[in-house]
Amino acid sequence: MKRTILLVGIVCMMFSCRLYDIHADTYKDGLITVKHEELPVKRDGQRVQFDHPYKLSESFVTKVLADIYYKEKGLFKRKETLRIFQDEEIKKLVPLIVQAFSVAMPTQVISATSYSYRMILSDKKNYCILFVADRSLNIVFGSVHKFQTFNDIMSEKKRYLMTRENPAKKRRSSFWKLIPSAGQQLVPDHENWLAIDLSNEMYK
């Protein structure tokens with residue numbers, strides 16, 4: 001009898017651990033971090049209902065990320081339109097985002113933090129949240145190529161334990177604005193929020 005109870009207990013523990021792995025909260029690849037976040041998102045004063053979990057193909061996510069551009073603002077801005085995500089960055093982000101969407105709860109967004117243009121003791125940070133709603137993939141940015149030193153990155157990790165940034169509460173940045181590509185559109189009154197129609201043929 002005791003052996004039976006012990007065996008049942010071990011099986012339950014193994015099942016729980018396996019379930020935890022499938023529904024992992026955080027997915028990492030080096031400095032790339034993708035997480036499930038319980039963040040409220042409102043549009044036109046109404047709470048957005050997420051269509052999660054959702055199955056996205058890696059080819060779709062790759063095309064979307066490779067086609068996101070921005071322009072700089074400010075006195076020392078560059079005039080050209082710039083790509084947000086670099087090729088190596090996209091290769092690491094895509095499988096993590098696809099996996100996170102496949103097990104996301106209906107109340108969770110996907111947050112993604114990555115770093116590009118790595119230099120000596122510094123990086124440029126990209127931070128955004130992603131979610132599916134109303135047959136569209138929504139990507140809302142909080143940071144675009146934000147210059148950070150190694151100490152800044154460590155400080156942000158500590159600060160994250162106390163507060164979470166919600167890019168959907170922002171409308172614009174003083175330093176950049178998104179430039180929609182074909183098949184993308186900015187959500188009204190937002191320079192940091194893109195919506196991509198999931199049925200758009202150009203992404204298939």
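# A chat about the predicted model

Tutor: The accessible surface of the protein chain comes to about 12,400 Å², and 58% of that belongs to carbon and sulfur atoms. Accessible areas come from the Shrake-Rupley method with a 1.4 Å probe, and for residues only the protein chains shown count as cover.

Student: What kind of model is this?

Tutor: This is a predicted model, where local features need pLDDT of at least 70, side-chain atom pairs count only at pLDDT 80 or more, and totals for chains, interfaces and linings use all residues. Residues are numbered from 1 along each chain as its sequence is written, and side-chain values use heavy atoms, with hydrogens and water left out.

Student: How many helices and strands are in the chain?

Tutor: The protein chain has 4 helices and 12 strands. Both are DSSP runs, numbered from the N terminus: helices are H or I with at least four residues, strands are E with at least two.

Student: And how much of the chain is buried?

Tutor: Of its 204 residues, 42% count as buried. Buried means under 20% relative accessible area, exposed means over 50%, and partly exposed is in between (1.4 Å probe, protein chains only).

Student: What share of the contacts links residues 24 or more positions apart?

Tutor: Among contacts with a separation of 6 or more, 62% come from residues 24 or more positions apart. Contact means heavy atoms within 4.5 Å.

Student: Let's look at helices. At what angle do α2 and α3 pack?

Tutor: About 130 degrees, with the axes 9 Å apart. Helix α2 covers residues 58–66, and helix α3 covers residues 87–103. That angle makes α2 oblique to α3. Angles under 35 degrees count as roughly parallel, over 145 as roughly antiparallel, 65 to 115 as roughly perpendicular, and the rest as oblique. Axes are lines fitted to C-alpha atoms, for helices over the stretch in contact, and angles run from 0 to 180 degrees between N-to-C directions.

Student: Which residues make that contact?

Tutor: From α2, they are E58, V61, T62, L65 and A66. From α3, they are I90, L93, V94, P95, I97 and V98.

Student: How many of them are nonpolar, polar and charged?

Tutor: The contact has 9 nonpolar, 1 polar and 1 charged residues. Ala, Val, Leu, Ile, Met, Phe, Trp, Tyr, Cys and Pro count as nonpolar, Asp, Glu, Lys and Arg as charged, and the others, Gly among them, as polar.

Student: Stay on α3. Is A100 buried or exposed?

Tutor: A100 counts as buried, because its relative accessibility is 0%. A100 sits in helix α3. Not counting residues up to four places away in sequence, A100 touches Y27, V34, H36 and I110. A100 and D25 are 75 residues apart in sequence, yet 8.1 Å apart C-alpha to C-alpha.

Student: Now strands. Where is E72?

Tutor: E72 is in strand β5, residues 69–72. With a relative accessible area of 19%, E72 is buried.

Student: What does E72 contact?

Tutor: Leaving aside neighbours within four places in sequence, E72 is in contact with K77, R78, L82, F175 and W176. The C-alpha atoms of E72 and L82 are separated by 8.3 Å.

Student: And Y127, buried or exposed?

Tutor: Y127 is buried, with a relative accessible area of 7%. Y127 lies in strand β8. Beyond its neighbours within four places in sequence, Y127 contacts residues including S111, T113, F141, E165 and P167. The C-alpha atoms of Y127 and V144 are 6.7 Å apart.

Student: What is the phi of D44?

Tutor: Phi of D44 is positive, about 55 degrees, although D44 is not a glycine. D44 lies in the loop between β3 (42–43) and β4. At 74% relative accessibility, D44 counts as exposed.

Student: What about R135?

Tutor: R135 also has a positive phi, near 60 degrees, in a residue other than glycine. R135 is in the loop between β8 (122–133) and β9 (136–149). R135 is exposed, with a relative accessible area of 66%.

Student: Last one. What does P106 touch?

Tutor: P106 touches F50 and H52, not counting residues up to four places away in sequence. P106 is in the loop between α3 and β7 (109–119). P106 is partly exposed, at 45% relative accessible area.
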